[in-house]
Amino acid sequence: MNIEVIIIDDEPCMTESLAEMLTIAGFLPRAFGQARHALEYLALSRECIVLSDIRMPEMDGLALLSAIQQLDSQLPVILMSGHADIPLAIQAMKQGAQDFLEKPIKTEQLFQQLHLALNRRQAYLQMHHKPADNEYLTQKIIGRSSAIQHLRQQVSVLAQAQVDTLIYGETGSGKDVVAEAIHHSGPRTHKPFIAINCGAMPENLLESELFGHEAGSFTGAQKRHIGKIEAANGGTLFLDEIESMPLAAQIRLLRVLQTRTIERVGSHQLIPVDIHVLAASKMDLTHLSRQGLFRSDLLYRLNVANLHIPPLRERENDILLLFEYFCQQAARQYQREVPSIKPSQQNKLLNYLWPGNVRELINVANRYVLGISGDGINLNEENLSATAESELNDLEYHLDSYEKSILISTLETCAGELSEVAMRLNLTRKTLYRKMKKHGLDKRYFQDLDGTMLSS
């Protein structure tokens with residue numbers, strides 16, 4: 001989902017400057033010089049947020065805000081103007097604007113507010129837009145990082161292929177969500193999805209739960225019991241924490257996968273089953289099989305295909321989006337308002353290592369909405385040091401460093417060819433020269449040194 005930033009200002013130099021800056025920073029800007037033209041566009045496209053000046057002819061920022069709210073009351077609007085318009089800004093906030101930025105705009109504050117607005121908009125659209133069949137994966141496997149986009153592509157292919165698959169991922173990374181996504185994106189979506197956690201089931205009960213049993217087959221078996229495999233007939237069987245399955249049960253499961261038949265405990269009757277088998281593990285099954293802790297023949301039978309879910313700490317671009325999404329879910333569940341999140345709290349989320357992955361993030365979001373604390377990260381406790389506060393306030397330094405790093409990276413990629421650099425960054429040659437001069441960058445360094453990065 002590519003969400004645009006709609007820039008509205010009657011001063012062309014302002015819209016051009018903002019659009020250029022946002023493009024370099026990775027946003028998708030679209031500029032308008034008049035509010036009415038922007039409204040015509042917003043009536044057709046809702047995958048956007050708004051950044052608008054307050055003082056404009058014909059329709060000012062407050063009138064624009066009112067018109068936008070009639071179109072879509074949940075569309076984030078950020079207003080900007082000079083110091084003299086602060087009373088208007090307060091009024092705008094009361095009327096539903098997300099924030100007010102005072103000119104001259106502080107770039108890092110602008111970026112933080114835009115990222116917050118983007119995350120809120122994407123989370124809102126995902127929760128309130130009924131997904132079409134081809135959008136199911138986007139709605140369930142949430143994120144815009146390259147790793148998650150690749151994962152969605154793999155899930156889509158495997159859902160149609162219907163091959164037995166191993167899903168690897170750390171605790172709390174969402175292996176069950178991926179398994180359900182494979183099931184519901186394939187031809188068995190209207191058939192049963194049966195899940196069993198092999199690690200949570202006592203060893204003496206696991207075989208009975210998986211394969212079922214006949215009455216009288218063991219002490220306490222007073223009537224016939226249909227097992228999970230038989231219950232999944234026609235659909236999908238999901239075996240979570242399969243590394244915990246006892247070796248005896250692994251032998252029986254292997255036979256099921258080879259013959260697609262089962263025998264209930266206490267019976268010799270073969271019952272055919274048509275199942276798609278998905279298994280998940282937080283451990284490397286190849287390593288376990290070498291140690292004799294997991295049957296290698298079962299591993300090869302299951303491992304027709306495999307997926308690896310990236311841990312949350314490797315998905316920095318998804319953290320704030322997921323947090324906003326889970327906050328909205330919690331707000332609906334507990335009938336609370338979603339508290340606004342401060343830049344310092346955003347930094348805490350981004351700098352945390354997330355040992356519990358997405359499951360831990362859900363808990364943090366629930367606690368944040370409820371205003372309570374718990375184990376791990378607590379956003380309700382502000383504990384930034386004076387040094388960190390000072391670094392956060394040094395906005396221009398961070399922006400310049402970010403801009404310079406993008407220029408260096410692109411100059412390296414293009415081997416100092418300025419026409420290609422300008423095209424990739426969507427800059428005029430004049431603007432590119434100015435920025436290179438500002439940061440002391442010489443194209444010759446990138447043309448002659450085989451990819452070695454040098455800058456003054």
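**Entry 1: Met21**

In which helix does Met21 lie? I found Met21 in helix H1, residues 12-24. I took helices (H or I, at least four residues) and strands (E, at least two) as DSSP runs, numbered from the N terminus.

A note on what I am reading: this is a predicted model, where local features need pLDDT of at least 70, side-chain atom pairs count only at pLDDT 80 or more, and totals for chains, interfaces and linings use all residues. Residues are numbered from 1 along each chain as its sequence is written, and side-chain values use heavy atoms, with hydrogens and water left out.

Next I looked up the contacts of Met21, where contact means heavy atoms within 4.5 Å. Setting aside neighbours within four places in sequence, Met21 touches Thr107, Leu110, Phe111 and Leu399. I then checked Leu399 again. Met21 and Leu399 are 378 residues apart along the chain, yet their C-alpha atoms are separated by 9.8 Å.

**Entry 2: the whole chain**

I counted 21 helices and twelve strands in the chain. Its C-alpha trace spans about 85 × 60 × 45 Å along the principal axes. Of the 456 residues, 48% are buried. Buried means under 20% relative accessible area, exposed means over 50%, and partly exposed is in between (1.4 Å probe, protein chains only).

Residues 24 or more positions apart account for 70% of them.

**Entry 3: the sheet with S1**

What is the strand order of the open sheet that holds S1? I read S2-S1-S3-S4-S5, five strands with parallel pairing. Two strands pair if DSSP finds at least two bridges between them. Strand S2 (29-32) and strand S5 (99-102) each have a single partner strand, so one side of each is left without a neighbour in the sheet. Neighbouring strands here are turned by 20° against each other on average, direction ignored. For such angles, axes are lines fitted to C-alpha atoms, for helices over the stretch in contact, and angles run from 0 to 180 degrees between N-to-C directions.

Strand S1 (residues 4-8) and strand S3 (residues 48-53) run parallel over five bridges. Ile7 has Leu51 in S3 as its bridge partner.

**Entry 4: the sheet with S6**

I found another open sheet of five strands, in the order S7-S8-S11-S6-S12, with parallel pairing. Its edge strands are S7 (193-197) and S12 (305-308), and each pairs on one side only. The twist averages 20° from one strand to the next.

Strand S8 (residues 236-240) pairs with strand S11 (residues 276-281) in the parallel sense over four bridges. There, Leu237 stands opposite Val277 in S11. Helix H7 (residues 146-161) packs on this sheet and touches strand S6 (165-168), S11 and S12. The direction of H7 makes about 155° with that of S12.

**Entry 5: Leu322**

Is Leu322 buried or exposed? Leu322 counts as buried because its relative accessible area is 3%. I located Leu322 in helix H14, residues 316-334. Beyond its neighbours within four places in sequence, Leu322 is in contact with Ile142, Leu312, Arg315 and Leu361. I also checked Phe100, 222 residues from Leu322 along the chain. The C-alpha atoms of Leu322 and Phe100 are separated by 25 Å.
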